[in-house]
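Colleague: Hey, could you walk me through this one? I'd like to start with how the parts sit together.

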Amino acid sequence: MRLPLLTLTAIATLFVAADADAQTYDPRYPVCMHVYTPGGRGGGDYYDCSFTSIPQCRATASGRAASCDVNPYYAFDEPPPPPRKRHKKVQ
């Protein structure tokens, strides 16, 4: 009884595990171009995240089936929030 149970568990694990897609966004650049290609279900669409600005990306995308977007995985250099002021206790 133990062997069939382990076999079924192994088979179920293989069916549940899906192929993992590679990361499509390069976190080193702030702008990505999504290039659309013919074919159903995204057939061959890809992202080119090698742009430093939206105008640069749009110039490259001009005349192509493509759009430019801000890279959601880019680590923007945001300044830290200002320190909170502490209120003195009134006695």
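Modeller: Contact means heavy atoms within 4.5 Å. Helices (H or I, at least four residues) and strands (E, at least two) are DSSP runs, numbered from the N terminus. This is a predicted model, where local features need pLDDT of at least 70, side-chain atom pairs count only at pLDDT 80 or more, and totals for chains, interfaces and linings use all residues. Residues are numbered from 1 along each chain as its sequence is written, and side-chain values use heavy atoms, with hydrogens and water left out.

Colleague: OK, what does helix 2 lie across?

Modeller: Helix 2, residues 54–61, lies across strand 1, strand 2 and strand 3, and runs at about 170° to strand 3.

Colleague: And in what order do the strands come in the sheet?

Modeller: The order is 2-1-3, in an open sheet of three strands with antiparallel pairing. Two strands pair if DSSP finds at least two bridges between them. Strand 2 and strand 3 are the edges, each pairing on one side only. From one strand to the next, the twist averages 30°.

Colleague: How many bridges join strand 1 to strand 3?

Modeller: Five, and the two strands run antiparallel. Met33 has Cys68 in strand 3 as its bridge partner.

Colleague: New topic: how many aromatic pairs are there?

Modeller: Two. Rings of Phe, Tyr and Trp (its six-membered ring) pair if their centres lie within 6.5 Å; planes under 30 degrees apart count as stacked, over 60 as edge-to-face and the rest as tilted.

Colleague: Why is the Tyr25 and Tyr47 pair tilted?

Modeller: Because their planes are at 45°; the ring centres are 4.9 Å apart. Tyr25 is in the loop between helix 1 (2–16) and strand 1 (31–35), while Tyr47 is in strand 2, 22 residues apart.

Colleague: And the other pair?

Modeller: Tyr25 and Tyr73 are tilted, with 5.3 Å centre to centre and 45° between the planes. Tyr73 sits in the segment after strand 3 (66–70), 48 residues apart from Tyr25. Tyr25, Tyr47 and Tyr73 form one aromatic cluster.

Colleague: Last one: where is confidence lowest?

Modeller: In helix 1, with a mean pLDDT of 58, whereas helix 2 is highest at 96. That score is the predictor's confidence in each residue, from 0 to 100. Over residues 16–20 it is below 50. Where pLDDT is low, the predicted coordinates should not be read in detail.

How values were computed
Axes are lines fitted to C-alpha atoms, for helices over the stretch in contact, and angles run from 0 to 180 degrees between N-to-C directions.
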